[in-house]
Amino acid sequence: MHHVVLERWSRGRSIIHRRDPRAKLATLLVFLVVLATAHHNLVWLSLALLAFLSAAVIAAGLPLAGVLARAGIVLPFSAVFAAVSWLAGDPGRAVALLLKSYLSALAVLVAVSTTPLPALIRGLEMTGAPRFLLMVAQFLYRYLFVISEEAQHMTKAAASRGATARSLAGSRSRFRAAAGALAVLFARSYGRAEDIHRAMLARGFEGSFRTLGALDFRGSDACFAALASLLLILTRVAIERAG
Amino acid sequence: MHIPDGFLATPVWATLDAAALPATGLIVRRAQREFEEARIPLLGVMGAFVFAAQMINFPVGIGTSGHLVGGALLAFTLGPAAASVVMAAILTIQALVFQDGGILALGPNVVNMAIAGVMAGYLPFYLWGGGRWRKLSIFAGGTLSVLVSAILALAELLISGVKMPGAVLGVSLALFVVSGLLEGGITLAVIQALESIQPGFIRKPAAGRSFALGAVSVGAVLLAAVGVLFASAAPDGIERLGRETGIAAHARTLLATPLSGYQVTFLHSTFLHSSWAGKAGAGLAGLALIYIACLAIGRAVARHRSV
């Protein structure tokens with residue numbers, strides 16, 4: 001599964017992995033803005049940014065081909081819009097859509113696969129994003145696997161009782177069966193959430209997570225963020241001047 | 001429909017990000033008031049439920065199947081503010097972990113799906129959920145939530161300059177309507193199944209609101225969505241309409257003073273030299289004016305009714 005691979009990648013010890021999450025988030029934002037606001041010489045800029053990201057992937061010790069392929073997740077969606085733009089007589093925009101969406105997804109993927117998600121969310125928390133929302137997101141990620149597994153068990157059980165056999169049941173009754181399954185999943189998730197809540201209260205939860213080991217933003221992190229951002233901005237300026 | 005990065009023009013994503021930040025803060029505060037902080041696990045686990053729910057397929061006629069989107073269902077069970085928070089958390093995790101939707105486009109996606117979608121989905125239930133029209137209101141809520149967020153996303157793409165031939169636009173609108181109706185059907189079926197398991201899950205809206213008031217507000221939401229779409233597909237259409245019908249002559253004198261031609265002139269002359277910043281500022285100022293006007297009318301109507 002997608003996120004299992006990400007979990008494995010993000011536990012590395014390379015020079016990129018060891019940077020503070022806030023430094024990586026700042027660099028990611030600069031990258032995304034530099035790319036999103038570019039209009040001239042987009043192909044050359046994209047090649048330069050691709051080289052930048054590839055260097056980061058290699059420095060992080062991740063499989064380059066694997067990362068490049070995984071970022072391709074966005075391509076089917078962008079390809080549809082690129083095709084529509086092309087048909088409408090705007091081939092320049094079609095190319096821009098594909099390049100920009102792919103490179104943005106790749107940049108996010110590089111940031112996420114060199115930072116464990118809890119650390120990334122703690123980094124976000126310190127930048128002033130609503131803490132409540134981030135805690136909900138963290139819980140969501142934690143129970144994603146648990147609830148998804150439960151849903152898979154339920155679909156398997158339903159299939160083994162003949163739910164997919166078209167001849168046995170009409171479309172209407174299969175629809176109602178699926179709705180019933182979802183309702184059961186909802187009730188079970190709700191019950192599980194209440195159990196978790198009680199267990200957390202019993203262990204002294206008072207409304208916020210306590211973490212072991214604080215993040216510290218060192219000089220090397222500041223250097224990394226500053227140098228990488230400067231490199232990105234200068235690359236863009238140089239390419240636009242040349243064009 | 002998750003918009004990836006690179007699709008929206010800079011003024012569009014920047015404006016919507018700027019709008020999404022305080023809106024999310026407000027909704028989070030509201031959800032915190034309804035759910036004390038210690039119930040965070042519930043919201044997180046329900047977010048995971050929405051993810052998992054997409055694995056359960058609903059048969060739709062000829063060999064195809066659809067799945068739940070979930071905004072309206074969450075609003076009917078957890079309340080609109082908490083549902084918005086859960087949807088925003090889902091969008092954040094999707095953007096970070098699954099590369100489904102962009103980071104710069106997170107603001108637009110949150111506005112479309114977590115805020116506008118959930119609000120539009122909750123509206124019919126809020127108005128008629130307690131009375132005779134309960135089933136219909138649940139169905140309409142599911143339909144509206146998907147329809148409004150899809151239309152907003154499409155409008156944002158069109159404003160950003162993504163060109164679409166008329167036929168493509170028609171087909172995608174038809175698809176939106178179909179997926180909206182499907183969401184309505186699934187939401188209604190799941191709510192009915194839930195009620196037979198454990199009726200306490202579904203919120204109870206106040207009964208006995210006037211049908212006319214409700215119809216007007218739902219109609220306003222639909223009109224606004226369709227209007228946004230047409231305005232973005234043909235930005236000059238409204239001005240042409242005005243010229244042809246002769247409204248323009250009157251409208252100009254009325255409207256030109258504060259926001260002439262969507263440009264805030266006094267701001268423009270001082271520090272907002274780029275034209276898009278002026279336009280975005282004028283647009284936001286216009287929205288704020290409309291919002292304040294609606295608020296004032298709402299207050300006046302409420303006072304009138306209570307006397």
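Does A:Pro21 count as buried or exposed, and what number of C-beta neighbours inside 10 Å goes with that? I kept in mind that the model is predicted.

**Entry 1: one proline**

I looked up A:Pro21 and found that it counts as buried, because it has 25 C-beta neighbours inside 10 Å. The cut-off for buried is 20 or more. I then checked where A:Pro21 sits, and it belongs to helix H2 of chain A. Next I asked which residues A:Pro21 touches, leaving out those up to four places away in sequence. My list reads A:Thr115, A:Ala119, A:Leu120, A:Arg122, A:Gly123 and A:Leu215. I also noted A:Leu124, which is 103 residues from A:Pro21 along the chain, while their C-alpha atoms are separated by 8.1 Å.

**Entry 2: chain A as a whole**

I turned to the elements of chain A and found 10 helices and 0 strands. Reading along the sequence, I wrote the pattern down as α-α-α-α-α-α-α-α-α-α. For the overall dimensions, I noted that the C-alpha trace spans about 65 × 55 × 30 Å along its principal axes. The radius of gyration of chain A is 23 Å, whereas a compact globule of 243 residues would have one near 18 Å. Of the 243 residues in chain A, 37% are buried. I looked at contacts between residues at least 6 apart in sequence too, and in chain A 79% of them join residues at least 24 apart.

**Entry 3: two domains in chain A**

How is chain A divided? I found domain 1 (2-125 + 215-242) and domain 2 (130-202). The contact between them takes 5 residues from domain 1 of chain A and 5 residues from domain 2 of chain A. On the domain 1 side I noted 4 nonpolar residues, no polar ones and 1 charged. I also looked up the distance between the centres of the two domains, taken over C-alpha atoms, and it is 34 Å.

**Entry 4: where the chains meet**

How many residues of chain A are in contact with chain B? I found 67, and they meet 58 residues of chain B. Several helices of chain A give two or more residues to this side, including H1 (2-10), H2 (21-36) and H8 (131-160). The largest share comes from H9(A), with 20 residues. Sorted by class, the side of chain A that touches chain B has 45 nonpolar, 15 polar and 7 charged residues.

**Entry 5: chain B and two of its helices**

I counted 12 helices and 2 strands in chain B. From the N terminus on, the elements run α-α-β-β-α-α-α-α-α-α-α-α-α-α. Buried residues make up 43% of the 307 residues in chain B. Among its contacts between residues at least 6 apart in sequence, 72% join residues at least 24 apart.

I then picked helix H2 of chain B, residues 40-53.

Helix H5 of chain B, residues 106-128, came last. Its 23 residues reach 32 Å from first C-alpha to last, close to the expected 33 Å. Where is the kink in H5(B) centred? I found it at B:Gly117, with a bend of about 35°. As 23 of the 23 residues of H5(B) are buried, I wrote down that H5(B) is largely enclosed by the rest of the structure.

Note on methods:
Residues numbered from 1 in each chain as written. Chains lettered and ligands numbered in written order. Predicted model: local features only at pLDDT ≥ 70, side-chain atom pairs only at ≥ 80, totals over all residues. Helix = DSSP H or I, 4+ residues; strand = E, 2+ residues; numbered from the N terminus. Expected span 1.5 Å × (residues − 1). Bend = angle between axes of the 7 residues up to and from the residue. Buried ≥ 20, exposed ≤ 12 C-beta atoms within 10 Å, placed from the backbone. Domains from an automatic or database assignment. Contact = placed C-beta atoms within 7 Å. Nonpolar A, V, L, I, M, F, W, Y, C, P; charged D, E, K, R; others polar. Rg over C-alpha atoms; globule rule 2.2 N^0.38 Å.
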